[in-house]
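Please examine the sequence and the model shown here.

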Amino acid sequence: MINFKELAKKYDTPLYVYDFDKIEKDFLELKNAFKARKSLIAYAVKANSNLSVLKKLSELGSGADCVSIGEIKRALLAGIPKYKIVFSGVGKRDEEIEEALKLDILFINLESEAEMQRVEEIAMGLGKKARISIRVNPNIDPKTHPYISTGLHENKFGVDIDTAKKMYLKANNSSFLEPVGIHFHIGSQLTKLEPIKEASQIVADLTRSLIKIGIDIKFFDVGGGLGIEYKDETTIKPYDYAQAIFSTLKGLDLTVICEPGRFIVGNAGYFLTKVLYEKVNGDKRFIIVDGGMNDLLRPSLYKAFHKVEVLDRTGDVSKADVVGPVCESGDFLAKDAELPKTEHNDIILVHSAGAYGFVMSSNYNTRARAAEVAVEKSKDRIIRDRESFEDLISKERKYI
Ligand SMILES: Cc1ncc(COP(=O)(O)O)c(C=O)c1O
């Protein structure tokens, strides 16, 4: 059991705390689920890119799914080998493509014909053959929140099947492109198996037809998206997830790549914030805390639910909104949460904050970003210092 109250006292708030033992457990569960085939778990760095988190995953054998050259550099710095790194994302700058090619990562995931042309030209300039994969948009509704749905034609991601075929043929005839993989990712926080299986089937059929015409696809990248329990969702078991994908791959000898982010770190992370005051406006009860949307954006951005509790307080509960100090009505961590009466300096624990938490934080309202702490085998250590006011202004020119 993590003593959150002690950690809040020791490191102050707002604070992120990550349970590294849970990260290990969840990573290994997923890795084992895929072990019946050649496979690679390429952790989606965007979910939580702290170097210590990446180092932990690197030690467990993880690869990395990156969406910027910055994420690639983080992954390499944390010890993830280049041959386990893939580079995705709809908008890559020329410099990022060039650097990724020079770094010789496993492959670049392409999301448009125009991007393929840029990669070909840059590879030609370097005298290299770029290993590529194409992100196919299978037009499947993942039945998740529209902001985190990515596999429909109305979303900006990937290319449709016909465009993908055209691109593979073109790439196969290029001296500077080597199509080695195929990729899809239909959305995040997926809690239903059927859309994943359906998408996998469509992309597996496409892979068969590509292999038949001599395109040597080696990697079948199923993206990420495995959902976690925030409230009372029924989630997909990693074993069932892997089996559903395997069932679409009959007769194909491919390495399966899976890019989970949220599943690995989401429920291993907590956000701690201190109560400043309570107030009542009309019928509405507010608990005002020292952490806000600049620290944890998900509730404001997606109306995402995070379980909240007041540490060491019991007694009668009533509905309250837990709100931050930022000057926005949208600045809240919880709405209508049933909570006991709080007092100044009580600690509120926000659950499931390990994924898309700290990484989305900002300095809005000139607020310093929170510190991050790891707890591993009952020992805690700081893995990112709290920002100071000097950090916040360090890049600004000082006109006096
Ligand atoms: C291509 C790709 N892979 C993996 C992920 C990770 O998703 P999740 O954290 O839901 O597993 C994302 C998330 O947006 C993504 O776009």
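Q: Is the crossing of α2 and α9 left-handed or right-handed?
A: This is a predicted model, in which local features need pLDDT of at least 70, side-chain atom pairs count only at pLDDT 80 or more, and totals for chains, interfaces and linings use all residues. Residues are numbered from 1 along each chain as its sequence is written. Helices (H or I, at least four residues) and strands (E, at least two) are DSSP runs, numbered from the N terminus. A crossing is left-handed if the near helix is turned anticlockwise from the far one by less than a right angle, and right-handed if clockwise; that of α2 and α9 is right-handed.

Q: Which residues of α9 make the contact with α2?
A: Residues are in contact if their C-beta atoms, placed from the backbone, lie within 7 Å. On the side of α2, the contact is made by E29, L30 and A33. On the side of α9, the residues are P238, Y239, Y241 and A242.

Q: At what angle do α2 and α9 pack?
A: Helix α2 covers residues 20-33 and helix α9 residues 238-246, and their axes are 8 Å apart. Axes are lines fitted to C-alpha atoms, for helices over the stretch in contact, and angles run from 0 to 180 degrees between N-to-C directions. The angle between α2 and α9 is about 30°.

Q: Are α5 and α6 parallel or oblique to each other?
A: The axes of α5 (residues 94-103) and α6 (residues 113-126) come within 10 Å and cross at roughly 55°. Angles under 35 degrees count as roughly parallel, over 145 as roughly antiparallel, 65 to 115 as roughly perpendicular and the rest as oblique. Helices α5 and α6 are therefore oblique.

Q: Which residue in β9 stands opposite L40?
A: Opposite L40 stands I257.

Q: Which residues come nearest to the ligand?
A: A residue is near a molecule if its C-beta atom, placed from the backbone, lies within 6 Å of it. There are 17 residues around the ligand. Those that come nearest are A44, S188, G224, G261 and R262.

Q: Where is the place of T366?
A: T366 has a positive phi of about 45° although it is not a glycine. Its place is in the loop between β15 (347-350) and β16 (371-376).

Q: Is the peptide bond from T13 to P14 cis or trans?
A: P14 lies in the loop between α1 (4-11) and β1 (15-19). With omega near -10°, the peptide bond from T13 to P14 is cis.

Methods:
Two strands pair if DSSP finds at least two bridges between them. Two residues are in contact if their C-beta atoms, placed from the backbone, lie within 7 Å.
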